Amino acid sequence: LFIVTSANEELNLNRLERYALLARSGAVHPVILVNKMELAEDPSQILDLIAARLSDVEVIGVSAVEGWNLDCFDSFLSQGQTIALVGSSGVG
């Protein structure tokens, strides 16, 4: 389950924790996907902040607008594997 958020003022660590908890309670592997990385002054700082709070969840940064790091999905896409994306309105 890709839990999508954006690298702007809408970033909410408590919300990400709730999504990850819900995913795990359903035996689903959560991955946090931070979109709009082009908006971040220091992208690595945002990724590190999330990773520190949710140390057992993989955190990936992307920019759909700039096409940055979109190949990160490749390792998750395989036959017989189902993925889904969830997140607040406006994060995509």
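User: Before we start, what counts as buried and what as exposed?
Analyst: Buried means under 20% relative accessible area, and exposed means over 50%. Anything in between is partly exposed. Take A27 as a case: at 74% relative accessibility, A27 counts as exposed. Keep in mind that this is a predicted model.

User: Where does A27 sit?
Analyst: A27 is in the loop between α1 (13-25) and β2.

User: What about its backbone, is phi of A27 positive or negative?
Analyst: Positive, near 60°, in a residue other than glycine. Most residues other than glycine have a negative phi.

User: And phi of K36, positive or negative?
Analyst: Positive too: phi of K36 is near 65°, and K36 is not a glycine. K36 lies in the loop between β2 and α2.

User: OK, step back. How many helices and strands are in the chain?
Analyst: The chain has 2 helices and 4 strands. From the N terminus, the order is β-α-β-α-β-β. The radius of gyration is 13 Å, close to the 12 Å from the globule rule for 92 residues, so the chain is as compact as a globular protein of that length.

User: What box do the C-alpha atoms fill?
Analyst: Roughly 35 × 25 × 25 Å, along the principal axes.

User: How much of the chain is buried?
Analyst: Of the 92 residues, 36% count as buried. The chain exposes about 5,600 Å². Carbon and sulfur atoms supply 51% of that area.

User: What share of the contacts comes from residues 24 or more positions apart?
Analyst: They account for 73% of the contacts with a separation of 6 or more.

User: Charges next. How many positive and negative side chains?
Analyst: There are 5 positive and 12 negative side chains. The centres of the two sets lie 12 Å apart.

User: Now the strands. Is β1 buried or exposed?
Analyst: Buried. In β1, 5 of the 5 residues are buried, so the strand is largely enclosed by the rest of the structure. Both faces are covered. F2, V4 and S6 are on one side, with I3 and T5 on the other.

User: And β2, covered or open?
Analyst: Strand β2 (residues 31-35) is mostly covered, with 5 of its 5 residues buried. On one side are V31, L33 and N35. On the other are I32 and V34.

User: How do β1 and β2 run, parallel or antiparallel?
Analyst: Parallel. Strand β1 (residues 2-6) is joined to β2 by 5 bridges.

User: Which residue in β2 is the bridge partner of V4?
Analyst: L33 is the partner of V4. I3 stands opposite I32.

User: Switching to loops. Where is L54, and what does L54 touch?
Analyst: L54 lies in the loop between α2 (43-53) and β3. Not counting residues up to four places away in sequence, L54 touches L16, E17, A20 and I32. I32 is one of the buried residues of β2.

User: How far apart are L54 and E17?
Analyst: They are 37 residues apart in sequence. In space, the distance is 7.0 Å, C-alpha to C-alpha.

User: Is L54 buried or exposed?
Analyst: Buried. The relative accessible area of L54 is 6%, and the cut-off for buried is under 20%.

User: One more: S63. Buried or exposed?
Analyst: S63 is buried, at 1% relative accessible area. The loop between β3 (58-61) and β4 (85-87) holds S63.

User: Which residues does S63 contact?
Analyst: Leaving aside neighbours within four places in sequence, S63 contacts N35, K36, M37, E38, W68 and L70. K36 in that list is the residue with phi near 65°.

Terms used
Residues numbered from 1 in each chain as written. Predicted model: local features only at pLDDT ≥ 70, side-chain atom pairs only at ≥ 80, totals over all residues. Heavy atoms only, no water. Rg over C-alpha atoms; globule rule 2.2 N^0.38 Å. Buried < 20%, exposed > 50% of the residue type's maximum accessible area, 1.4 Å probe, protein only. Contact = heavy atoms within 4.5 Å. Areas by Shrake-Rupley, 256 points an atom, 1.4 Å probe, with all protein chains shown as cover. Lys, Arg positive; Asp, Glu negative; His and termini not counted. Charge placed at Lys NZ, Arg CZ, Asp CG, Glu CD. Pairing = 2+ DSSP bridges.
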